[in-house]
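Have the model open while you read.

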Amino acid sequence: MRNKLIFTFRILFIIILVILGVLVFFRPAHTETNILKAIFSSSQDNILVDLSGKFSSKINVIVESDDPEKAEEIAKTFYAKLDKTKLYTTDMNITGVLDDYEKYHNNLISNKTRLLLQDKKYNDVEQISLQNLYNPIMPPIGSIDNDPFLLLTDFVNNLAENKQIANFVPVQLNEKFYSIVMLNVDSSIALSPNILNDTMHDLVNLKKEFSHNGVRVYLTGAPVHSYFASSHSIFEINLICILSIFFIIGLIYLYFKSLKPIIPIILSIGLGIFAGYCATALIFKNIHILTFVFSTTLIGICVDYSLHYFVSDNGNDTVKEIFKSLTVSLLTTVSAFVVLMFANFILLRQISVFTIVGLITVYSIVILFYPLLLKNFSLERAKIKYIEIPEKYKKISVYSIIVLALIALCRTNFDDNIKNMYTPPKNLLNAEKLFKDIAGTDGSISIVIVKGNNLEDLLQKEETISDKLYKEGFEYQALSKYIPSIKRQKENQQLRKNLYISEMNNYAVFLPLSKRAELINQNYNQSHFLVANKNFDILKKNFLIDKNTSTMLVYDYDGGNINEARVINIQKDISSQIKKCRKLCLVLILPIFCILYLLLGKIYDYKSGAKIILPSVMTVAFVFGILALFNIPVNLFHLLAVFLIIGFGLDYAIFRFNGAVKCNDAVLMSCLTSVFSFTLLAFAGFKLISSLGIVLALGLLSSYIFSLILINKSAGNNEN
């Protein structure tokens, strides 16, 4: 009966793996590299995620040369080689827009001049008119005969109050000339990481092709950083996995004097990661790159389960001997990660699914298939001598951890700033600085979300907000700045008429008396208004989220919501979300320990449960203490590492407590393989990954040491 049940489980296990593989083959998941997609779920603040994607899906190509004509020529040639269905510029039809402005010039007045006209400060308006008339850089726009105060010229001049750059137009900086191509990434490409990476690969190759003969090409923008970060991270992860496997092979050979265990261990690792990936791919449309980073932890636990089998090899009784330890280890680790499923935090949920399914897969392979595959599988074992730690040193270590924990409580500080979680390579950092110097965009940008019933309603609400911003001295960009509402255009007509009546004969003496009289007495067409025609399609695309929602860009604004319109500062709001997630992770630590303690108390007894969980509690205190001691701010990803330490470090205590034959050897080798992998991770170029590696290596090593100190060999057997 028992053999039939085991056979049934084996068949069922194989069927489930095959089904998972087939389903994922027909619906593969995409790899997500955007850090925001790791901290925002689809049900959370979609506007912030969408806006971040919109404003971060821009790429700037900067061509540097000693000759302005050469810089412009290379920039245009570079752009000509791009696939315009994927990357394109969004220059307006300037000629068409200016024609529209001239046609409706009676309706257009800048904010600055509007305020002066409302206060009847006509002398100031005349001074502005003279400045525009004698401006040596920009000639008047339109006919001075029909617009003697040059209000249209003033309107156009005030559209871009902050420093602006245009595609291909050379800009001089520090004795060099720069021509910039500002590219937008097509939305379908931006949402497909695989295609975007291919597009970025082609763009980088073009950069190399054109960077010669005194010309240098720079690339800036979020997609550039994502491409280099993800490419480098994937390479590093693959390298770490390869080195870890070689280390495992070497360690196994030294201990067993044979390479026989390698194939089943690699098989369990591969199938564990495969099953974890398949389950995650079926539940989530995109799998974040950081989820794959965390999946490297499966290497340690996969080896852990396998090593306990080989070290405890006792013929047909092997599974029976290690079954309780393996099962309790699985239950406690899965329980720790199940808690993460309830966090409204997509990365935690992906890690939870990946890890739980991977661990169950490895456990099933060891329990169900190892006895079948490894019949008559005998191995020699090296003898490892362990140093017994004197009792006084155990007490000293415990007291030291208590002191460190107190230090952590007093000195621990947190870092939730998204900018501090990624340190770009020096070449990309220099390119971003160069773009800021050229474009003059050092200030932070806030985004005001405006909602209305229709376009006219949106424009009126934007104008109410823009009036307030202008009076408070904030620069901004908005659709209403380029296309005033019909209501505003009617008001402008009346303000212009009042100006003409009051000052025309005093100021416009260069016009014939008949022309002045015509301008003063003209009747404005109340159905003749500037509208958002096709010449303004680019502006509508840039500023409108949908037909009822628009965005306004405000520079260096730190205030709250304006006129009930929500204000978003992407960097600050993202950091705020990270802070929420970090607090959530901190709050989850205690419930996880409580659940694990109750579970262990039910399996053993509550005194034994406390003894088993104590090394993990001390490890967490030790890690926080070390970070505080070296004044390292705790970030969200340090806390994610703590969850892994709790889940995997607890295994060391469980196996030591159950005291299976030669469990010490398996625990030691398991610890060495995990610590080696994460120590390599600490040298990764991506700051997030390296900080994870440092904390995980330190945490798992200390978990092992505390299990040696606090749990006597075969404590469970002795007490039972």
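## A hairpin and its strand

β10 and β11 make a hairpin, with 2 residues between them. Helices (H or I, at least four residues) and strands (E, at least two) are DSSP runs, numbered from the N terminus. β10 (residues 544–546) runs antiparallel to β11 over 2 bridges, and two strands count as paired if DSSP finds at least two bridges between them. D546 has T549 of β11 as its bridge partner.

Strand β8 (residues 445–451) joins β11 through 7 bridges, antiparallel, with I449 opposite T551. β9 is also antiparallel to β11, with 2 bridges, and there Y476 partners V554.

How many residues of β11 (549–555) are buried? The count is 7 of 7, where buried means under 20% relative accessible area, with a 1.4 Å probe and protein chains only. T549, T551, L553 and Y555 cover one side, while S550, M552 and V554 sit on the other, and all are buried.

## About the model

This is a predicted model, so local features need pLDDT of at least 70 and side-chain atom pairs count only at pLDDT 80 or more, while totals for chains, interfaces and linings use all residues. Residues are numbered from 1 along each chain as its sequence is written, and side-chain values use heavy atoms, leaving out hydrogens and water.

In helix α6 (residues 111–118), the buried residues are N111, T113, R114, L116 and L117. Their cover includes α7 (122–133), α8 (151–157), α19 (455–471), β9 (476–477) and α21 (486–507). After α6 comes K120, with a positive phi near 60°.

The structure has 5 cavities of 30 Å³ or more. A cavity is a set of points on a 1 Å grid over the protein atoms alone where a 1.4 Å probe fits but cannot get out; lining residues have an atom within 4 Å of a point. The largest cavity holds about 170 Å³, a volume being the space filled by probe spheres set on the points, which are joined across faces, edges and corners. Of its 18 lining residues, I109, N111, F155, Y476 and K481 lie nearest the centre. α6, α19, α20 (479–482) and α21 each give two or more residues to this lining.

## The whole chain

The chain has 29 helices and 12 strands. Of its 720 residues, 52% are buried.

Conventions
Buried means under 20% relative accessible area, exposed over 50%, partly exposed in between (1.4 Å probe, protein chains only). Contact means heavy atoms within 4.5 Å. On a 1 Å grid over the protein atoms alone, a cavity is a set of points where a 1.4 Å probe fits but cannot get out, and a pocket is an open set with protein on both sides within 12 Å along at least five of seven lines; lining residues have an atom within 4 Å of a point.
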